[in-house]
Amino acid sequence: MEIIDSIIKVGEVIAVRGRSVEVRVDTTKNASHLLFRGELLKNVSVGSYVKIAKGFTYLVGKIEGEFIIENKSDNDRIYHNYQEKIKRVLQISLIGYLEEGLFKQGIKELPLIDNEVSLLTVSEFNLVHKFVQTGEETITIGNLAQEKTKSIELSVDRLFASHIGIFGNTGSGKSYTLAKLYHELINRFKENKKFQTNARFFAIDFNGEYINPDDTIDDDVLIEEKYKSVYRLSTGKSGSKKRYPVSLTVINDEHFWSLILHCTEKTQTPFVSRTLKNDFLESNIRSNSGFLNLVKQALETITTKITPNQEKGLVHSFLDELAKFGIINKVNGLSALIADYKRNLSFHSGNRNYYYGTTYSNTPAFVQEIIYRKVDALTPDITELSEIQVIRLKILFQFYYEIHNGFSNKEHIGPLMGRLDDRVAELEKVVKIKTSNDRVNLLTVVSLKDVNINMRKVLPLLICRQIYEEKKREANKEKYLNIIIDEAHNILSHSSDRESETWKDYRLETFEEIIKEGRKFGVFLTIASQRPSDISSTIISQLHNYFLHRLINNKDIEAVEKTISYLDKVSFDSLPILPRGSCILAGLAAQLPIIIEVGRVNDQYKPFNDTMILTKHWLD
Ligand SMILES: Nc1ncnc2c1ncn2[C@@H]1O[C@H](COP(=O)(O)OP(=O)(O)OP(=O)(O)O)[C@@H](O)[C@H]1O
Ligand SMILES: [Mg+2]
């Protein structure tokens, strides 16, 4: 190590209190930089670093505060200069040491009183900010905020094989940072065949920031269009142009339906579960003759097992319901049957029976002539029904079967039936059954901007669950999956009362599992949010790398403080005053927390999140 010149010497240690060390500054060095052997050094100031020589060891400390004390013992002397009367003292927190040309984090020894303190040379300063080892693959994400010439390189392995959290108030630059990270990463490796086969990135985009709003031109947000699959989902009138492919297993999963149908835990969820497990339904619903059997059975049950409060028009409402979603066109004769029943079939409230002409429903002739014979005359072609429609029909048949046999209470299941049509319609607008043609590209972006609130809550969960489960089952150690969720409070917020318990449980299970177990299966999560205090602390505390943008709310700062215990005071205090695009980087990828300025993303790849410039639209 080079001999310390008087130029870079700062002062001596005057107090050691654990990690915290006080240093008396020799001369007042007020310039922000000093010239030393042709190199520009940053002078002492809060937030910068110094080294303390103890024998042959160099300890490195960060300046956390600076103050002056009066030289009381010299009170009666006559002063020539004000500077003699005061001592300038730096408060330093030890962060590591220099050894064999490397900076190491941690405290090996403590300094002694009178140990010399000096500035870091440029090469030492670089060592402290060198977060990558030789030979490691890196990406550059920006530069040090304090020392703009120092660019910050991070290890790809340590950053991306980790769960990442990006937090900050609105407009502080989270989405931009997220875009920078993933653009740099994907851009760096995109041409590699192995990367193309082994890596998958999955972005849930609540606000449509990661897609080009104009879908007629190339969409290069984050990365060029050819590396992406983009789903612009919409529950609007005409639905999505390209629907998201879900697997058959998911569509037949009872949790999926209880989420979609917003089921109550005690009665509706078990009802859905029974429906999907019902073998009789399954064996009949896929064939035309089976379908007729189910219709016959339902009509027979409704007309012969009368419930105490049975509505008069129940047969009609059942058939109307059955006919929906295009079934009316797939079953030849159905509309005629509906018209026939409407004209001729009535309910006798006195003796609580249906009658058709003179045939009453409590006679065998009614079932044979009025139901079986008429239903058998229908010619359905329902073999092309979508899986979602199949399940809708199952729910419908199960409902009438259970209510009329007294297995379920109409008050309990009725509300679910009320939601069924809307939810099925919405679902059909956004998802379809996955086929072998649905190739998954390097990056998948699912935009939920035009999706209604119900689907916004449910879809991301289902999609994340599906891709996580698939990855888990695949059990291929070479494959990597990164799930990126911007505006994560939309689904991870724990304070919201709007959602059902089923939904909350499912969410907790999904995301806490990914956070806790994902690493083993090569699944990592990146979440960005404005309200870290809103997100379950189990999730926040298990993230490995944090990008902390400006946070103003005390609760949010506390949430971060509680979970990221190694963040130092200077970094903390700077949280509310960080400018846009600057953030504290802390975690595995950086050996000490630093404030960085996130570098520019080329306009072509930038997310669509510009803050509106009012006067541009107001001045003529
Ligand atoms: N490092 C940066 N360099 C240049 N511009 C930036 C940088 N970071 C953010 N910006 C700009 O600042 C604006 C707001 O950034 P951004 O949308 O990323 O904020 P945000 O934290 O995601 O906000 P919100 O919570 O509302 O989504 C954008 O116009 C973006 O282009
Ligand atoms: Mg954003």
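Predicted model: local features only at pLDDT ≥ 70, side-chain atom pairs only at ≥ 80, totals over all residues.
Begin by selecting residues 139–262, which the unreviewed UniProt entry lists as "domain: Helicase HerA central". The end C-alpha atoms of residues 139–262 lie 44 Å apart, and the span is 31% helix and 26% strand.

Next, select Lys241 and Asp215, whose side chains meet in a salt bridge at 3.0 Å, N to O. This pair links distant parts of the chain, 26 residues apart, with Lys241 in the loop between strand S14 (228–234) and strand S15 (244–246), and Asp215 in the loop between strand S13 (199–205) and S14. Lys241 is exposed at 75% relative accessibility, whereas Asp215, at 38%, is partly exposed.

Move on to Lys324 and Asp421, where a salt bridge spans 2.5 Å, N to O. Lys324 lies in the loop between helix H11 (314–323) and helix H12 (327–330) while Asp421 lies in helix H16 (residues 410–430), so the pair ties together parts that are 97 residues apart in sequence. Asp421 counts as buried at 14% relative accessibility, whereas Lys324 is partly exposed at 34%.

Then select helix H14 (residues 364–376), in which Glu369 and Arg373 are four residues apart and thus separated by about one helical turn; their side chains meet in a salt bridge of 2.9 Å, N to O. Of this pair, Glu369 is partly exposed at 38% and Arg373 is exposed at 54%.

Finally, select Glu265, Glu501, Asp505 and Glu509, which gather in a patch of negative charge on the surface. Asp505 belongs to helix H19 (residues 501–521) and is partly exposed, with 36% relative accessibility.

How values were computed: Residues numbered from 1 in each chain as written. Chains lettered and ligands numbered in written order. Heavy atoms only, no water. UniProt positions renumbered as here; feature names shortened; annotations may be inferred. Helix = DSSP H or I, 4+ residues; strand = E, 2+ residues; numbered from the N terminus. Patch = residues over 30% accessible without salt bridge, like charges linked within 9 Å, V, L, I, M, F, W, Y side chains within 5 Å. Areas by Shrake-Rupley, 256 points an atom, 1.4 Å probe, with all protein chains shown as cover. Salt bridge = Lys/Arg side-chain N within 4 Å of Asp/Glu carboxyl O. Lys, Arg positive; Asp, Glu negative; His and termini not counted. Charge placed at Lys NZ, Arg CZ, Asp CG, Glu CD. Buried < 20%, exposed > 50% of the residue type's maximum accessible area, 1.4 Å probe, protein only.
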